[in-house]
Amino acid sequence: MECLFCKIVDGAIPATRVYEDEQVIAFCDIHPQAPLHLLVIPKEHFNSLADTDPATSEPLLGHLLKVVSDIARAEKLNKGYRVVINTGPDGGQTVDHLHLHLLGGRHMGWPPG
Ligand code: 5GP
Ligand code: ZN
C-alpha cells in the first residue's frame, strides 16, 4: 500500500487525530496554512473527488461535509472558515487520496491562487 493517507488511516504513519468514526478521520495538516488546518478524509481510498462513484458516493460525500461542519462548530469558528478540496493537477492536489481541508482562525483572501 503506497498511499500516504491510507497509511495514516492504518496508523502506520502518525498524525494528530482530532476526530474518527467508522467512515472518516480528521487530523492536523503537517504544514498548517491557518491557525486551524485539518484534513478530513474517508477511510476508504479514492484518488480524488473526481474518482468518487456517482452511483454510490453521495452518502459518504454528505458525511464528510457534515463532519467538517461539526468540527468547525466544536472548534467555535464563529467568524467563518474555508473548506477546500483540491482536485487533480489543475486543482493543486498533491496527495492522491480524497481529502477536505478545513481552514479557520484567520481571514481568507479571494480569489485563491
Ligand atoms: P493537497 O495539496 O493534496 O490538497 O493537500 C495535501 C495536504 O497534505 C497538504 O496540505 C500537506 O501539508 C498535507 N500533508 C502532506 N503530507 C502529510 C503528512 O505526512 N501528514 C500530515 N498530517 N499532512 C500531510
Ligand atoms: Zn489512500
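In what follows, Ala, Val, Leu, Ile, Met, Phe, Trp, Tyr, Cys and Pro count as nonpolar, Asp, Glu, Lys and Arg as charged, and the others, Gly among them, as polar. The structure above is a predicted model, in which local features need pLDDT of at least 70, side-chain atom pairs count only at pLDDT 80 or more, and totals for chains, interfaces and linings use all residues. Residues are numbered from 1 along each chain as its sequence is written, chains are lettered from A and ligands numbered from 1 in the order in which they are written, and side-chain values use heavy atoms, with hydrogens and water left out.

Let's start with the pockets. On a 1 Å grid over the protein atoms alone, a cavity is a set of points where a 1.4 Å probe fits but cannot get out, while a pocket is an open set with protein on both sides within 12 Å along at least five of seven lines; lining residues have an atom within 4 Å of a point. Grid points are joined across faces, edges and corners, and a volume is the space filled by probe spheres set on the points.

The largest pocket has a volume of about 630 Å³. Its lining is made of 29 residues, and Asp29, His31, His37, Leu39 and His101 lie nearest the centre. Two or more lining residues come from each of helix 1 (4-10), strand 2 (24-28), strand 3 (36-42), strand 4 (81-84) and strand 5 (100-104); here helices (H or I, at least four residues) and strands (E, at least two) are DSSP runs, numbered from the N terminus. In this lining, 16 residues are nonpolar, 10 polar and 3 charged.

Now look inside: ligand 1 sits in the largest pocket, meaning that more than half of its atoms lie within 2 Å of the grid points. There are 16 residues around ligand 1, and Cys28, Asp29, Asn86, Thr94 and His101 come nearest; a residue is near if one of its heavy atoms lies within 4 Å. Helix 1 gives the most to this shell, with 3 residues. The shell divides into 8 nonpolar, 7 polar and 1 charged.

Which side chains place a polar atom 2.8 Å from an oxygen atom of ligand 1? Asn86 is one of them, and His101 is another. The side chain of His99 has an N or O atom 2.9 Å from an oxygen atom of the ligand. Taken alone, ligand 1 exposes 520 Å², and the protein buries 84% of that (accessible areas come from the Shrake-Rupley method with a 1.4 Å probe).

The second largest pocket has a volume of about 180 Å³. Among the residues that line it are Leu77, Tyr81, Arg82, His107 and Met108. This lining holds 3 nonpolar, 3 polar and 3 charged residues.

Lys76, in the loop between helix 2 (58-74) and strand 4, has a positive phi near 60° although it is not glycine. In the segment after strand 5 you will find Pro111, and the peptide bond that joins Trp110 to Pro111 is cis, with omega near 5°.

Technical notes. A polar contact is a pair of N or O atoms within 3.5 Å; within protein, one must be able to donate a hydrogen and the other to accept it, and residues adjacent in sequence count only if both atoms are side-chain atoms.
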